[in-house]
Amino acid sequence: MREEGEFKRGWPVLASASVGVGLGLSPLPFYTIGVFIPPILKEFGPLGWDSGFIINALAVYTFGCLAAAPIIGVLSEKFGARRVALISIVTFSLALMAIGLNNGSKAMYILLWLVLAFAGAGTLPITFTRPVANWFSKNRGVALGIALISTGVFGALAKYFTQFVVNHSDWRTAYIALGCLPLMISLPLSLLAIRDVEDVPAKSAKIVKSKIPILLVSLLSASIFVLIVLKEVLELIGRNGVRLEYIIPFAYAPLVLAPILAMIFLRIGTEPPVVQKNANNEAIILPGLTLKEALMNWRFWLLSLCFVPISYAVGSVIPNIERVLTHSGMAMDEAVGLATLTGLAVLGGRVIGGFLIDRFWAPAVAFCFLASPAFALWLLGHPEVDANTATLAILMIGFGAGVEYDFMAYMVSKYFGMRSYSAIYGSIYGFFALGAGLGPGLMTNLAEGRGVKIIEWDTGLLLGQDWQFTLTSAGVILFISTVPLLFLGRYVYGREDDEGEALRAAEETVEAAHA
């Protein structure tokens, strides 16, 4: 497939994958939990709940992701990413709604978040990036960046959406409303267009003939979502005046509606890339390592171990931004507005980072993108940080966060190949989730003087610290943990001719076996 034809052919897969990731397990609970802390604390505080316990829900769902992500990767290899994604969108939606059922029981709260992790694991990038990586070769970095942009877009808008529902109803209704988003917006798109190269092409699928009524459900739901977000933003503008963070949702709104409108008005029955076959008309095994072989490879463990502290340093501060800013004296509404700037920076990081890793050595690009937020964490940790400094720091952190998923997905394809992409990616993602999930609770407890506390396990270490110490130390950890990425070496599956040679070798092997 020609380079210029990749986007012409693959845009429906890319569009549906982007919305699926944006309304999946990775961004929705992560970006919105900071908005839920005050109302939950108000209701359950008298029962012994504190902010550290509430945000440690992310630690619980991390343990679930650690167990579920490799399984989802294997299931995607065996049954296809399409089936896994479609089932998981439904189960994730229902599990997200179920969090609103909590009655103040800490055990129930932990259980509901654990269920959420398993129910929604199929909506993680592990699933949706496999078809994208298979449809795109020369533009794989950019395509992955576009597919993952939506985490910042939907994450930022979901903050406003959640804040509106909480303000005008309660936190339980907000969880139900959040749960409706993937069910009503992303599911119709995935039904029509999330297809790997070996799935039945969209042009041959009967369901595509009913695309208009299916997509109208998605369009109506997305329009309601956007209108609620803009109504909340207009209320904030009325109270606080026009600010950058209030302009961004107006720019994001078209990005939510564009994939749906494109599918309505453009032809989605495009031809997938040709699957390489041997003389016996059997699909050639894609070049790359099996999961077992990857586990024996030093690069697998270097990436896995580096991503634990990286995801802690970058990922922990994002759901805590509201608490950092309110601790500095800002009002909650103002803090939520500034926190949404993360989405803008993530968007920029994904697009620019994806463009650069297609053209330059990806580990060096990742080092620059991930090390620079270390300075931002130091800035944000200063007592009484003002709005201008906070804006700069948040943009730098978001820019670094924007390249994390892209880099991980791209490195799996370049160092381990596409043979067991989902299984390998799922295994490495488990380490990433460990830092991103445990981190927010660790950071909150450490910054509020409770020391290193994991869920309800109090270690008694580093008691009496504050936000300045916590964020500064996170910056140091981030810088140190990015350095080993520079030792990954040359790509193993880095050039188009390398992949062609690998395919030809695989074909010869298969033919010899049948001789």
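Helix H8 (residues 140-168) packs against helix H10 (residues 211-240) at an angle of about 75°, and their axes lie 9 Å apart. H8 is therefore roughly perpendicular to H10, a label given to angles of 65 to 115 degrees. Axes are lines fitted to C-alpha atoms, for helices over the stretch in contact, with angles running from 0 to 180 degrees between N-to-C directions. Helices are DSSP runs of H or I with at least four residues, numbered from the N terminus.

This is a predicted model, in which local features need pLDDT of at least 70 and side-chain atom pairs count only at pLDDT 80 or more, while totals for chains, interfaces and linings use all residues. Residues are numbered from 1 along each chain as its sequence is written, and side-chain values use heavy atoms, leaving out hydrogens and water.

On the H8 side, the residues in contact (heavy atoms within 4.5 Å) include Phe154, Leu157, Phe161 and Phe164. H10 contributes, among them, Phe225, Ile228, Val229 and Leu236. By class, the contact of H8 with H10 has 11 nonpolar, three polar and three charged residues. Ala, Val, Leu, Ile, Met, Phe, Trp, Tyr, Cys and Pro count as nonpolar, Asp, Glu, Lys and Arg as charged, and the others, Gly among them, as polar.

Helix H8 also holds Lys159, which counts as buried because its relative accessibility is 1%; the cut-off for buried is under 20% relative accessible area with a 1.4 Å probe, protein chains only. Neighbours within four places in sequence aside, Lys159 is in contact with Tyr31, Thr32, Val35, Ile318, Glu322, Val336, Ala339 and Thr340.

Gly354 is in helix H16 (residues 341-357) and, at 0% relative accessibility, is buried.

The structure holds two cavities of 30 Å³ or more. On a 1 Å grid over the protein atoms alone, a cavity is a set of points where a 1.4 Å probe fits but cannot get out, and a pocket is an open set with protein on both sides within 12 Å along at least five of seven lines; lining residues have an atom within 4 Å of a point. A volume is the space filled by probe spheres set on the points.

| Space | Volume | Lining classes |
|---|---|---|
| Second largest cavity | about 60 Å³ | nine nonpolar, one polar, three charged |
| Second largest pocket | about 270 Å³ | 13 nonpolar, two polar, no charged |

Val13, Trp135, Arg195, Ala202 and Thr270 lie nearest the centre of the second largest cavity. Helices H1 (5-22), H8 and H11 (244-265) each give two or more residues to the lining of the second largest pocket.

Conventions:
Angles under 35 degrees count as roughly parallel, over 145 as roughly antiparallel, 65 to 115 as roughly perpendicular and the rest as oblique. Buried means under 20% relative accessible area, exposed over 50%, partly exposed in between (1.4 Å probe, protein chains only).
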